[in-house]
Amino acid sequence: MENVLRPLIVIGAALVLTLAVGWLVDTALSRADARQPQRPLWGLLRRCRLPLQLVLCTALLRASYEHAKVALDHSAGIGRTLSLVLIGSVAWLAVRISTAIVEASYSRYAGTHRDPARVRRVRTQVTLIQRVVAAVVGVVAAAAMLLTFPAMQAAGASLLASAGILGIVAGIAAQSTLGNLFAGLQIAFGDMVRIGDTVVVDGEWGTVEEITLTFLAVRTWDERRITMPVSYFTSKPFQNWSRGGSQMTGTVFFHLDHSAPVAAMRDKLHEIVRDCAAWDGRDWGLAVTDTTPNTIQVRALVTAKDADDIWTVRVTVREQMVAWLTEHHPYALPRVNTAWAELSSADGQGSRPAPPHVPRTGRG
């Protein structure tokens with residue numbers, strides 16, 4: 001009977017104590033979150049309940065499993081397994097705590113600063129910092145797990161002795177990877193591009209959706225994802241429409257006949273942008289920017305708060321202006337000169353002029 005009760009008491013006590021501590025910590029964090037709703041840290045720390053319970057349970061079992069006197073022939077293997085689980089759970093808990101702290105800091109910063117560009121910059125930095133912390137914790141945890149094996153401890157001296165040669169070989173083999181790694185850090189703290197920025201790369205217009213230490217993902221207007229190495233943004237030129245502010249100025253060009261009513265078009269443009277919800281009210285204008293023997297080039301200028309709205313304003317102006325010209329001023333649309341073809345003398349006929357009732361011009 002003692003052989004049955006002893007392991008039940010040891011394991012049961014560890015589980016009960018783990019559940020009790022987890023419930024107490026979660027209750028305390030829940031009350032703190034209710035008292036201070038403006039501080040999201042307490043609510044984010046509640047996500048650490050599961051790894052905390054795993055750490056506590058594994059530590060209690062690691063310290064007391066010998067008293068249970070279960071599987072004595074395999075006590076070394078059980079102890080090493082519990083040690084590995086404990087190391088992994090501690091790393092998990094550390095990543096969860098660091099993530100909660102970073103997200104809480106970002107939330108407070110975003111709530112107190114109204115500059116979208118600065119908020120996106122901080123968001124990019126904290127995201128990469130969070131990834132670096134997770135990677136460092138993972139590497140340390142893996143090294144600690146390996147050092148629990150005696151064979152790995154014996155091999156440590158030889159590994160350190162050959163670290164110089166291995167470092168040179170690894171540096172040559174991973175030159176591209178290391179370049180992307182340092183490029184990712186340069187992007188994060190050099191404020192070159194941020195999550196949420198509107199960029200144009202290789203002729204593709206889109207929004208930066210994700211930045212890691214090795215690659216950057218751009219979501220295009222048609223929901224495609226372009227994945228590019230971060231080293232591209234440190235070695236090649238690209239357009240960042242969000243840098244220095246998200247406000248934008250857009251243009252719409254019309255090729256019209258010389259008789260186009262420019263003054264009436266200017267009044268119509270003001271009416272169109274005034275009724276367009278995407279126009280930010282900063283500026284608008286219409287002017288003749290070029291002429292050719294057959295047409296004139298009219299440029300409409302509009303403004304909006306970001307790239308999405310400037311697209312909406314431009315297509316609205318283009319559609320409504322063309323419809324208005326077609327309905328009220330069709331003569332302003334570009335025309336193509338036409339004439340009857342002249343027959344050559346080889347056909348036995350001379351030139352034949354166009355009949356007087358046939359117009360010599362027609363709209364195309």
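This is a predicted model: local features need pLDDT of at least 70, side-chain atom pairs count only at pLDDT 80 or more; totals for chains, interfaces and linings use all residues.
Me: Which residues of H11 are buried?
Reply: Buried means under 20% relative accessible area. An α-helix has 3.6 residues a turn, so residues three or four places apart point the same way. In H11 the buried set is Ala-307, Asp-309, Ile-310, Val-313, Thr-316, Val-317, Met-321, Trp-324 and Leu-325.

Me: What span does H11 reach from its first C-alpha to its last?
Reply: H11 has 22 residues. At 1.5 Å a residue, 32 Å is expected. The model comes close to that, with a reach of 32 Å.

Me: Which residue caps the N-terminal end of H11?
Reply: Look at the backbone nitrogen of Asp-308. A side-chain oxygen lies 3.3 Å from that nitrogen. The oxygen belongs to the cap, Asp-306.

Me: Which element gives the largest share of the largest nonpolar core?
Reply: This core has 26 residues. Those touching the most other members are Phe-254, Leu-256, Met-265, Leu-269, Val-313, Val-317 and Met-321. Two or more residues each come from S6 (248-256), H10 (262-275), S7 (279-291), S8 (296-304) and H11 (307-328). The largest share, 7 residues, comes from H11.

Me: Which residues is Phe-254 in contact with, leaving aside its neighbours within four places in sequence?
Reply: Phe-254 is among the core residues that touch the most other members. Contact here means heavy atoms within 4.5 Å. The partners are Met-265, Ile-296, Gln-297, Val-298, Ala-300, Val-317, Arg-318, Met-321 and Val-322.

Me: How many residues does the second, separate core have?
Reply: Val-193, Ile-195, Val-199 and Val-218 are included in this core. Val-199 also lies on one side of S1, where it is buried with Val-201. The second core's count is 15 residues.

Me: What is the bridge partner of Val-252 in S8?
Reply: S6 and S8 run antiparallel. They are joined by 9 bridges. In S8, Val-252 has as its bridge partner Ala-300.

Me: Which residue in the turn between S1 and S2 has a positive phi?
Reply: S1 and S2 run antiparallel, joined by 4 bridges. They form a hairpin with 2 residues between them. The phi in question is about 55°, and the residue is Asp-202.

Me: What is the bridge partner of Val-199 in S5?
Reply: Val-199 stands opposite Gly-206 in S2. S1 also pairs with S5 (residues 239-240), in the antiparallel sense, over 2 bridges. There, the partner of Val-199 is Asn-240.

Me: Is Thr-99 buried or exposed?
Reply: Thr-99 is found in H4 (residues 75-112). Its side chain joins that of Gln-130 in a polar contact of 3.4 Å. The relative accessible area of Thr-99 is 15%, so the residue is buried.

Notes:
Residues are numbered from 1 along each chain as its sequence is written. Side-chain values use heavy atoms; hydrogens and water are left out. A nonpolar core is a set of buried Ala, Val, Leu, Ile, Met, Phe, Trp, Tyr and Cys residues joined through side-chain atoms within 4.5 Å. Buried means under 20% relative accessible area, exposed over 50%, partly exposed in between (1.4 Å probe, protein chains only). The expected span of a helix is 1.5 Å times one less than its number of residues. A polar contact is a pair of N or O atoms within 3.5 Å; within protein, one must be able to donate a hydrogen and the other to accept it, and residues adjacent in sequence count only if both atoms are side-chain atoms. Two strands pair if DSSP finds at least two bridges between them.
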